[in-house]
Amino acid sequence: MSEDRDRTALALTGTARAAIAAALGVRTAPPPDSPLLDARRGVFVTLTIGSRLRGCIGRVDASGTLRRLLPEMARAAAFEDPRFPPLSREEYDRVGIEVSVLSPPERPGSPDDIVLGTHGVIVSAPGHRGLLLPQVATEWNWTREELLANACEKAGLAPDAWQKPATRIETFTAEVYREAGRG
């Protein structure tokens, strides 16, 4: 990993960790700065303990700079993910942080254009929306069809809904930054 990428990873994961620490009343050193924090990009924050998911929340739209959105999404992943109880002070030192900075979503020409491990997917139909980050397909060793079916299920749709004309498929890429030595 290059020195610039290491510095950016430390700035992004450090910003997320500082937001969680502040919410828990834990003192922490301020994270380094990065020009990427001034970018208007979508962002997801994923929390893990060991290899187990502990929370994941984000926003696809670039409604603000990462400097504003990243702390908000970090707190949401730690305390508002409905799949988990709020992160406890006891878990704080064991939690690992991953920040995924998203590209704007695009419509692929066809589902065959989805590249596993490179593209995340958003599947939507009226009243339903499901998103899976690019790294999920490779972590679970899914095929393209399994990725789309799981995104449909996450959206509350039938697994084959991605094949229906009323279902919209979008793809995006993500620059993924992981916290060193935690999780």
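## Salt bridges within helices

E72 and R68 both belong to helix α2 (residues 66–79), where they stand 4 residues apart, about one turn of the helix. Helices here are DSSP runs of H or I with at least four residues, strands are E runs of at least two, and both are numbered from the N terminus. The model is predicted: local features need pLDDT of at least 70, side-chain atom pairs count only at pLDDT 80 or more, and totals for chains, interfaces and linings use all residues. Residues are numbered from 1 along each chain as its sequence is written, and side-chain values use heavy atoms, with hydrogens and water left out.

The side chains of E72 and R68 meet in a salt bridge at 3.3 Å, N to O. A salt bridge is defined as a side-chain nitrogen of Lys or Arg within 4 Å of a carboxyl oxygen of Asp or Glu. Both partners are partly exposed: the relative accessible area is 30% for E72 and 41% for R68. In this classification buried means under 20% relative accessible area, exposed means over 50%, and partly exposed lies in between (1.4 Å probe, protein chains only).

Helix α1 (residues 3–24) holds another such pair, D4 and R7, which are 3 residues apart, about one turn of the helix. Their side chains form a salt bridge of 3.1 Å, N to O. D4 counts as exposed because its relative accessibility is 54%, whereas R7 is partly exposed at 39%. D6 also lies in helix α1 and is partly exposed, with a relative accessible area of 36%. Between D6 and E72 there are 66 residues of separation in sequence and 23 Å in space, C-alpha to C-alpha.

Side chains of opposite charge can pair when their charged atoms come close. How many salt bridges does the structure hold? The total is 15. One of them joins the side chains of K164 and D160 at 3.7 Å, N to O. K164 is partly exposed, with a relative accessible area of 44%, and D160 is partly exposed at 36%. Salt bridges that share partners also link R59, D61, R68 and E72 into one network.

## A negative surface patch

D112, D113, E145 and E146 form a negative surface patch. Patches are made of residues with over 30% relative accessible area and no salt bridge; like charges are joined within 9 Å, and nonpolar side chains (Val, Leu, Ile, Met, Phe, Trp, Tyr) within 5 Å. Asp and Glu count as negative and Lys and Arg as positive, while His and the chain ends are not counted. The place of a charge is taken as NZ of Lys, CZ of Arg, CG of Asp or CD of Glu. Accessible areas come from the Shrake-Rupley method with a 1.4 Å probe, and for residues only the protein chains shown count as cover.

D112 is classed as exposed because its relative accessible area is 57%. The C-alpha atoms of D112 and R144 are separated by 7.9 Å, although these residues are 32 apart along the chain. E145, another member of the patch, lies in helix α5 (residues 144–154) and is partly exposed at 41%.

K154 is likewise part of helix α5. The relative accessible area of K154 is 48%, so this residue is partly exposed. K154 and R41 are 113 residues apart along the chain, and their C-alpha atoms are separated by 23 Å.

A pair of aromatic rings is described by the distance of the centres and the angle of the planes. Rings of Phe, Tyr and Trp (its six-membered ring) pair if their centres lie within 6.5 Å; planes under 30 degrees apart count as stacked, over 60 as edge-to-face and the rest as tilted. By this rule the count is 1 aromatic pair. W140 and W142 form a stacked pair, with 6.2 Å centre to centre and 20 degrees between the planes.

N141 is found in the loop between α4 (134–139) and α5. The phi angle of N141 is near 55 degrees, a positive value in a residue other than glycine. With a relative accessibility of 68%, N141 counts as exposed.
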